[in-house]
Amino acid sequence: MDKIVALCKRRGFIFQSSEIYGGLNGAWDYGPLGAELKRNLKDYWWKSMTQLRDDIVGFDGSILMNRAVWKASGHEATFSDPMVECPISKKRFRADQIEPMSGTVHHLRAAVKTKSGAITPEHFQVLVPKGKPVESAQKVMRQYLTVRGYADTDILEIYSDKSEPVENTTLFNSENGAQLGEPKVFNLMLKTYVGAVESEDAITYLRPETAQAMFVQFKNVLEVARKKLPFGIAQIGKAFRNEINPRNFTFRSREFEQMELEFFIKPGTGPEWLEKWREERLAWYEAVGIPRAKIHVLTVPEKDRAFYSQGTYDLEYEFPFGIQELEGIAHRGNYDLKQHQEHSGKPLEYFDEETKTKYLAEVVEPSAGVDRTVLAILCEAYEEETVKDEESGKEETRVVLHFVPRIAPIKAGIFPLLKNKPELTTLARSIQKTLQPLMKVAYDEAGSIGKRYRRIDEEGTPFGITVDFETLEGVKETSTSATGAPIAVGDKDTVTLRHRDSMKQERIAIADLPAYLLTKVS
Ligand code: GAP
């Protein structure tokens, strides 16, 4: 994972937000290559949903919504995590995500002097993991007393009352062994004020999911889209959650993007659609470079499901830091439409022309994270391999990102073999100009050709196009510009096409490049 994070910074995929000011925990910036990669991924999702199907329409809702939405959806009352705090480091952890620890728990007591001079007892528990010296418990106790405001001279005595072995407890901070505080409920929505006055009635939240706007606009969309059930509304957009522990690079962030589909269905058809969407989504991940074998489908047990869910699959990926959720596919029943109908007083029922009945539609929701999918694609694409250098023939390690071409940030690198030969550079530039309207390509003339290939390997560019002397041989026979540099090319004039994954090189007619590349990247 460290290598992937380093590559992301080195090549400009992902930077820490506000880096020059020390960063902001849980926020990330996508650099030039990351922005292209993310955009390609979102475009492909959008296309799969709204262009390649005729039962889904697109939508782009606002991030700020009336607070009543969050009351009706249940987010204001229940969108929370239990949180515990380390009294020494003040770090907060999700109570259900504490790393289990084994070792010996020491019940420590201290006699300390208060400001008024009285002697008072203090009590604290410290877990010392197996193999660690028992004295470390005393050190942690001292730190605890220091944060409670006692000076070294106030601490008269520290002793162990009792000690006991424990296995897999989650009551202690794994970083220092300190006993964690009692769990407190912590709402994950980021609160803000709309308007000039920061009063109670100006409160709203940055949306914690994109879904709600699609529920509250269900009627409007239904009327204009002229669709019958089953049909879906698809949206991509930012969501915000004040996560207690943002971690694992972009995996758990406080600002992230979701790709959500609300697929409205007839009551009773939920289980069938849940299966269909699971298969659709698995195929989609395969098409963006995450093989089915690397995705674990978890049937979420009832006790772990959101309270509104009648069935949920989690699609989980084998990240280097563990198997973790990429997407949830939930059968939400009619919970959301029912809540908004009740709270707004506006009818949100669907009139079924066939049965001449009115009812609330049910929903199956595939909800994917853009940032998590980008991270999974980066992890899946990353490879270090020993190869023979294409110029010197010496063995070396190459770092390569095997992005599928449709997702790759740059589709082809265009290289004149030498930068000081105008015949080569002019022609390479003219190939660049031909390809630019069709796809993202990059011209590069700096360094040896071998170095340039290595650079595009690390950036995940699937094709390298090199204009070399063999190209000129053919071009010279066709035409030259006023400066003497060849520009117009004949049908048989060729360049070297180098394939990133196999490193194989072949010759291809310049005239065939656009059609060849378009079939590969689309
Ligand atoms: N509307 C349903 C919903 O929001 P969710 O499981 O809470 O469901 C859906 O979120 C997806 O959004 C997750 O599977 C994940 O990919 C992404 N996601 C959720 N919280 C995230 C976070 N803190 N950082 C990055 N992605 C997150």
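Me: Let's start with terms: helices (H or I, at least four residues) and strands (E, at least two) are DSSP runs, numbered from the N terminus. With that settled, where is S18 found?
Reply: In the loop between strand 1 (14-16) and strand 2 (28-30). Before we go on, this is a predicted model, with residues numbered from 1 along each chain as its sequence is written. Local features need pLDDT of at least 70, side-chain atom pairs count only at pLDDT 80 or more, totals for chains, interfaces and linings use all residues, and side-chain values use heavy atoms, with hydrogens and water left out.

Me: Is S18 buried, exposed or partly exposed, and how do you know?
Reply: Buried means under 20% relative accessible area, exposed over 50%, and partly exposed in between (1.4 Å probe, protein chains only). S18 has 34%, so it counts as partly exposed.

Me: What makes the phi of S18 worth a look?
Reply: Its phi is positive, about 50°, although S18 is not a glycine. Most residues other than glycine have a negative phi. N248 also has a positive phi, near 55°, and it isn't a glycine either. N248 is found in the loop between strand 12 and strand 13, and its relative accessible area of 29% makes it partly exposed.

Me: What about the peptide bond from L229 to P230: cis or trans?
Reply: Cis, with omega near -5°. Most peptide bonds are trans. P230 is placed in the loop between helix 7 (218-225) and strand 12 (231-240).

Me: And G74, buried or exposed?
Reply: G74 has 13% relative accessibility, which is under the 20% limit, so it is called buried. G74 is in the loop between helix 3 (67-73) and helix 4 (75-78). In sequence G74 and D336 are 262 residues apart, yet their C-alpha atoms are 9.3 Å apart in space.

Me: How do you know that strand 4 and strand 5 pair?
Reply: Two strands pair if DSSP finds at least two bridges between them. Strand 4 (residues 80-85) and strand 5 have 3 bridges, so they qualify, in the antiparallel sense. M83 stands opposite R94 in strand 5. These two strands form a hairpin with 6 residues between them, and K90 in the turn has a positive phi of about 65°.

Me: What holds for strand 4 and strand 9?
Reply: They pair over 4 bridges, again antiparallel. On this side D81 has F186 in strand 9 as its bridge partner.

Me: Which order do the strands follow in the open sheet of 7 strands?
Reply: The order is 3-12-13-19-16-15-14, with mixed pairing. Strand 3 (56-59) and strand 14 (295-299) stand at its edges, each with a single partner strand. The twist averages 25° from one strand to the next. Inside this sheet, strand 13 and strand 19 run antiparallel and are joined by 6 bridges, with F264 having V363 in strand 19 as its bridge partner.

Me: Which residues come nearest the ligand?
Reply: E209, R241, E260, E325 and L326, out of the 20 residues around it. Being near a molecule or strand takes a heavy atom within 4 Å of it. By class that shell has 5 nonpolar, 5 polar and 10 charged residues, where Asp, Glu, Lys and Arg count as charged, Ala, Val, Leu, Ile, Met, Phe, Trp, Tyr, Cys and Pro as nonpolar, and the others, Gly among them, as polar. Strand 16 gives the largest share, 5 residues.

Me: What distance lies between the polar side-chain atom of E325 and an oxygen atom of the ligand?
Reply: It's 2.5 Å. A polar contact with the ligand is a pair of N or O atoms within 3.5 Å, so this pair passes. R372 has a side-chain N or O atom 3.4 Å from a nitrogen atom of the ligand, so that pair passes too.

Technical notes:
Polar contact = N/O pair within 3.5 Å; in protein donor to acceptor, adjacent residues only side chain to side chain. Axes fitted to C-alpha atoms, helices over the stretch in contact; angles between N-to-C directions.
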